[in-house]
Each structure stands twice: as structure tokens, then as C-alpha cells.
Amino acid sequence: MIRVLLADDHLLIREALVLLLSTEDGIEVVADVGRGDDAVTRALALAPDVAVLDIDMPGMSGLDAAERLARDLPSCRLVIVTAHGRPGNLRRAMAAGVRGFLGKDAPGARLAEVVRQVAAGARYIDPQLAADALAAEECPLTPRELDALRAAAGGEPVSRIARALGLSEGTVRNYLSAAVTKLGVDNRHAAAQIARDRGWI
């Protein structure tokens with residue numbers, strides 16, 4: 001029996017996915033949650049074989065949750081299911097150890113196939129998303145510039161970003177300024193929007 005944790009912040013989608021997986025032989029949904037931080041907490045408590053995560057969730061993104069689970073629960077295989085199949089998201093997911101990545105526009109039966117493949121140690125990447133990722137431009141920003149943009153994306157003041165990242169305010173300003181310059185925009189909010197649109201944050 002493959003034990004699955006499912007995380008999606010849209011209740012209707014989550015309940016439909018739970019119902020879909022529950023009808024499959026050899027798959028048991030042991031938990032379903034609507035927040036990324038809850039996905040990490042429940043996965044650490046239940047140790048599922050596979051965690052199926054949406055990218056955009058409150059509390060913690062699916063990508064952040066995947067990074068945490070890859071580090072803290074390496075026995076759990078990770079699958080991202082998203083409506084936002086941006087190439088940067090795919091790259092970040094792969095770097096985090098995600099074994100499956102598919103769009104929400106995939107046929108319902110495909111999710112069960114992917115769960116089985118990933119549980120068996122294989123990978124599944126949606127072919128169109130993989131092709132888009134190969135064709136997309138590389139991110140010109142450093143990991144620290146991306147961290148600063150990610151923290152700034154919600155409109156937080158520099159002082160709060162600095163505290164959250166454990167950096168000085170001057171260092172945060174330098175990272176944000178570098179990101180703005182590299183992306184050729186007028187301010188950090190526009191830089192954060194571009195980075196989000198391209199799936200870099």
C-alpha cells in the first residue's frame with residue numbers, strides 16, 4: 001500500500017484528488033491539508049511514502065515544503081501538482097528533490113500513475129513543462145538575490161526583510177538593487193513580479 005499525503009489549498013480540488021486516489025488499488029490517502037506548513041507537520045508525523053503538493057499554498061509554498069521534506073524526511077517521495085507550470089518552478093522543484101511534476105490540466109488517472117512511478121523510485125516530468133524549461137532563459141539572479149526578492153514580494157519593508165534573512169539592511173538593499181538592475185526594472189516590486197512570473201521565486 002502506498003501511503004499518500006495530499007496538500008492543496010483549494011478544498012474542492014483537494015477533495016476531488018483525495019476521492020480519485022482513494023478509488024485506486026494500492027493507494028491510501030493518510031492525510032489531506034490546505035497549507036504548506038501543515039503539509040510538513042503532518043508528513044513528519046505520519047511519514048507517508050509520497051507527498052503530493054500544490055505550489056501556491058498559504059503558510060508555506062509547495063516548493064518550500066518540498067525542500068523541507070527532502071531534508072527532514074528523505075524517505076518521502078515528492079510530487080508537485082500545479083496550475084503554474086513555469087520553467088523556474090520546475091527547476092527549483094528538481095533541485096529540491098521532487099520526483100514528479102505535473103500540471104493540473106493532466107488527466108485524473110495520470111496522478112495515480114505518477115504516484116505509483118514515484119513511489120517505485122522513478123521520475124515523472126510533464127513533457128510539455130520539461131520542454132518549456134529547456135527553452136526558458138536561465139535566471140540571472142544569485143540565490144541570495146532571490147531570497148531577498150522572495151522576502152520582498154509581499155511588500156515588506158527592508159528592515160523586516162533584513163531581520164527575516166538575518167542580514168543587515170544595507171546588504172538587503174544591495175541584493176534588491178542588484179536584482180532590479182539585472183532585470184532592467186524600476187523597483188523591487190517589479191523585480192519580484194518578474195521573478196514570480198518566471199517561476200524563480
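A: Start with a definition. A residue is buried when its relative accessible area is under 20%, exposed when it is over 50%, and partly exposed in between, using a 1.4 Å probe and protein chains only. Helices are DSSP runs of H or I with at least four residues, strands are runs of E with at least two, and both are numbered from the N terminus.

Now some ground rules. This is a predicted model, where local features need pLDDT of at least 70, side-chain atom pairs count only at pLDDT 80 or more, and totals for chains, interfaces and linings use all residues. Residues are numbered from 1 along each chain as its sequence is written, and side-chain values use heavy atoms, with hydrogens and water left out.

The part to look at is α10, residues 188–197. Which residues of α10 are buried? They are R188, A191, A192, I194 and A195. These residues lie on the same side of α10, because they cover an arc of only 160° around the axis. The arc is that of the directions from the helix axis to the C-beta atoms. Here is the general idea: an α-helix has 3.6 residues a turn, so residues three or four places apart point the same way.

What covers that buried side? The cover includes α7, α8 and α9.

Next, the ends. N187 caps the N-terminal end of α10. A side-chain oxygen of N187 lies 3.0 Å from the backbone nitrogen of H189. Just after α10 comes G199, with a positive phi of about 80°.

Now turn to α8, one of the covering helices. This helix spans residues 158–165, and V158, I161 and A162 are buried in it. They sit on the same side of α8, because their arc around the axis is only 100°. On the other side, R163 and A164 are exposed. The buried residues of α8 pack against α7 (143–152), α9 (169–183) and α10; contact here means heavy atoms within 4.5 Å. G166 follows α8, and its phi is positive, near 70°.

Finally, how confident is the model? pLDDT is the predictor's confidence in each residue, from 0 to 100. The protein averages 90, and 96% of the residues score at least 70. Confidence is lowest in helix α6 (residues 127–135), at a mean of 72. Strand β1 (residues 2–7) has the highest, at 98.

Notes: Polar contact = N/O pair within 3.5 Å; in protein donor to acceptor, adjacent residues only side chain to side chain.
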